[in-house]
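I opened my notebook to look up a few things in this structure.

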Amino acid sequence: MVSPTTMAAVRASGAIPNAEYLLSAEGVRKEFPGVVALDDVEFKLKRGTVHALMGENGAGKSTLMKILAGIYTPDQGEVLLKGQKIRLQSPLDALENGIAMIHQELNLMPFMTVAENIWIRREPKNRFGFVDHGEMHRKTAALFKRLNIVMDPETQVRDLSVANRQMVEIAKAVSYESDVLIMDEPTSALTEREVEHLFTIIRDLRAQGIGIVYITHKMNELFEIADEFSVFRDGKYIGTHASTDVTRDDIIRMMVGREITQMFPKEEVPIGDVILSVKNLTLKGVFHDVSFDVRAGEILGLAGLVGSGRSNVAETIFGVTPASSGTIEINGKPVNIDSPNTAIRHRMAFLTEDRKDTGCLLILDILENMQIAVLQDKFVKNGFVAERELTRVCEEMSRKLRVKTPNLHERIENLSGGNQQKVLIGRWLLTHPRILILDEPTRGIDVGAKAEIHRFVTELARDGVAVIMISSEMPEVLGMSDRVMVMHEGRVTGILDRAEATQVKVMELAAQ
Amino acid sequence: MSTNSAAQAQAAAQKSARRLPPELNIFLVLIGIALVYEILGWIFVGQSFLMNPQRLTIIILQVSVIGIIAVGVTQVIITGGIDLSSGSVVGMTAMFTASLAQASTWPRALYPSLTDMPVIVPVALGIGVGLLAGFINGQLIAKTKIPPFIATLGMMVSARGISKWYTKGQPVSGLTEQFNFIGTGIWPVVIFLVVAVIFHIALRYTRYGKFTYAIGANVQAARVSGINVESHLVKVYAIAGALAGLAGVVTAARAQTAQAGMGVMYELDAIAATVIGGTSLAGGVGRITGTVIGTVILGVMTSGFTFLRVDAFYQEIVKGIIIVAAVVVDVYRQKKRKT
């Protein structure tokens, strides 16, 4: 193992011959509590190429990218930079070794100028040790010229559009004279013209011999910009191909390749009347013209890649972010849902995607967590909580859901993910919902609890509840749903019946 | 298997820890401080600190105004907020309430036609003015989303300004016997304890209380669970304001006069009492019982220093250290919880 500074010095001296691969990873494994994020993964980036990483949500692309950028260290396996083994300790370490990453959420300081952002920590100094703003301006202008970027280096970053911030990030990465540039879905917030400009810059950089790791969900970008691509699935490496050798369908097959092995207790239950009907629902800039119905006893799966607007639709229906236009009807009557409180009064329930951020009251106990939603309109007399009765009901619910805990006075943060999720499901079941929205109900929980949660959902459907289930796990969506609605970039791209919903079809609609 | 049994042992330990009321620690600190004074008293002053019922009454009497404020501040801090305006609101309400409590025998009454009012009038006015100040705090925080620190800092400055403007800086004196009665004898202590009991019950047994803790624990989750966070915060700040108003009434009655400078720094004493009493500035945790003990600790500390004839400068220095120490312990406890 060589220290980064030595490495940098050696690199500068040009002593290392050009290795076949600019950056490579071999046998990389990374575990997080309860999940194997990467298992024996390999990756090889050639000089002067754009290499795309493809895969479904949770396939391991982001984890690999973070290992390459020094954010995570691998549990096993090694990373080689120009044939030399390196062990990156931090993103800064990676940067000094010539690996720069452009994050999806941009990391610029909004109240500083473009030039200051680019040269931070490396500001040119004059002979008194003060920052030489003139020199900094000149260097920035030269950099922009080289990259064909038209921008005033003295603009404050907060005044820039997202696309321009992206350009600043790229310029910053290039200014480190990096050999490797990692881009995480760089086009997700760009318009078509801005994407064209970005691609021109990427092609220039490629021509200069820089290797680019490009993460994307968009198939057409892959064919347009990538020379090679690697596919990952469930933390495993599937293969690397030249993008000219394959078709869209080949890639989709590589991405979804697995068979449905888990069993889902899908039960045919009588489907009743339409309970919830959504028409042309729009939240400006987030999703548009979303229309669908859900019937009593039906489970409507909602699929799509992260960022497709799935969760936003759920939040809007539940009043967390009220719609800018469109209508929501419950039992045929139009309703105006302006807050979660209103939604609950219409007997809706919403299990949110992020247990920690929007679900659990972490420092409070199970009882307090479970009772908080039902207290809106039940178990309260003259402001006083009917403590004894409510505790009895909560105990019953917790037994029914098989929450594993010594008693209900345990803080919820001491429970496992699966048990936390059960408590939150209990919170909503106490309100006797007729519409239940579940956002990633089994994310990050163990197989046993997962199966139990699937069983509860099935039981609820049998009792006539209309269920909307968002999930990134294809087997879960296909296994549980009566119909599957697929979203892509804020629009519904299709609603498939259970019989016609296959992984390939859903993936096609989701990745366009 | 071993991790499993370790987890069980940990759970069991936590369970037994919970059997003890969380205020026990802080109560032991109170006893400890009192005993230190007792011993130092015999050594340096030659008399007992504790065996003096009159002193003990005075201790609580002196802090009862702080205690009334702290009951409101505790609720604000449980929601994850802060109220810096209470001291100024005390001054402001003292002025307003006194102006309607003047006796007709007083030659320079502010409103000569409104003298000798029944005692309920000035009291209601005082609480009402405090309530209004708190309501404005709450509205600012809920509607404009500015940090509570800033909203209540603004109120702190403006309310102090209003109390000076109201009489152009002149004190308001010549209050009626009936009004002054509120501040005599054990009454301030009674008011403090009644207020504490009411809000102890409110926090523990009512929906108001459950929602207050839920907002402090996780405001996003509280909102998704259907709580109208904005209107609830307005309620909490309004209650804190009303209690500061009540404290202003008691302050004026005890002093039998009102001055624009009353209540300066009371907000900090109230926050200190709350934090010493175990309420977490991060929100979601705290109890009125702890705050009552925290208030008494502040009183014992001050009284003990006077008893030992320690210079007032040292008193402030040590008080500052104790407040910081209480927060350090709180941060440490939270860190331990997370790992």
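This is a predicted model: local features need pLDDT of at least 70, side-chain atom pairs count only at pLDDT 80 or more; totals for chains, interfaces and linings use all residues.

I then turned to helix 11 of chain B, residues 229-255. How far apart are the axes of helix 3 and helix 11 of chain B? I read 8 Å, with an angle of about 175 degrees. That makes helix 3 of chain B roughly antiparallel to helix 11 of chain B, because an angle over 145 degrees counts as such.

Helix 3 of chain B brings residues including Val65(B), Ile69(B), Gly72(B) and Val76(B) to this contact. Helix 11 of chain B brings, among them, Val236(B), Tyr237(B), Leu243(B) and Thr251(B). I sorted this contact too: it has 15 nonpolar, three polar and no charged residues.

**Ile78(B)**

I stayed in helix 3 of chain B, where Ile78(B) is found. Is Ile78(B) buried or exposed? Ile78(B) is buried, because 26 other C-beta atoms lie within 10 Å and the cut-off is 20 or more. I set aside its neighbours within four places in sequence and found contacts that include Thr212(B), Tyr213(B), Thr279(B) and Gly286(B). I also checked Ile191(B), 113 residues from Ile78(B) along the chain, and their C-alpha atoms are separated by 22 Å.

**Helix 6 of chain A**

I moved to chain A. Helix 6 there covers residues 162-175, which is 14 residues. From first C-alpha to last it reaches 20 Å, close to the 20 Å expected at 1.5 Å a residue. I looked for buried residues in helix 6 of chain A and found, among them, Gln166(A), Met167(A), Glu169(A), Lys172(A) and Val174(A). What covers the buried residues of this helix? The cover includes strand 6, helix 4, helix 5, strand 7 and helix 7 of chain A. After helix 6 of chain A comes Glu177(A), whose phi is positive, near 55 degrees.

I looked up Asn331(A) next. Asn331(A) is not a glycine, yet its phi is positive, about 50 degrees. Its place is the loop between strand 14 and strand 15 of chain A. Asn331(A) is partly exposed, with 14 other C-beta atoms within 10 Å.

Then came Glu440(A), also not a glycine, with a positive phi of about 50 degrees. I found Glu440(A) in the loop between strand 19 and helix 16 of chain A. Glu440(A) is buried, with 22 other C-beta atoms within 10 Å.

**Where the chains meet**

Last, I looked at chain A against chain B. I found 27 residues of chain A in contact with 21 residues of chain B. On the chain A side, helix 11, helix 12 and strand 18 of chain A give two or more residues. By class, that side has 16 nonpolar, eight polar and three charged residues.

Technical notes
Residues are numbered from 1 along each chain as its sequence is written. Chains are lettered from A and ligands numbered from 1 in the order in which they are written. Two residues are in contact if their C-beta atoms, placed from the backbone, lie within 7 Å. Helices (H or I, at least four residues) and strands (E, at least two) are DSSP runs, numbered from the N terminus. Ala, Val, Leu, Ile, Met, Phe, Trp, Tyr, Cys and Pro count as nonpolar, Asp, Glu, Lys and Arg as charged, and the others, Gly among them, as polar. The expected span of a helix is 1.5 Å times one less than its number of residues. A residue is buried if 20 or more other C-beta atoms lie within 10 Å of its own, exposed if 12 or fewer, and partly exposed in between; C-beta atoms are placed from the backbone. Axes are lines fitted to C-alpha atoms, for helices over the stretch in contact, and angles run from 0 to 180 degrees between N-to-C directions. Angles under 35 degrees count as roughly parallel, over 145 as roughly antiparallel, 65 to 115 as roughly perpendicular and the rest as oblique.
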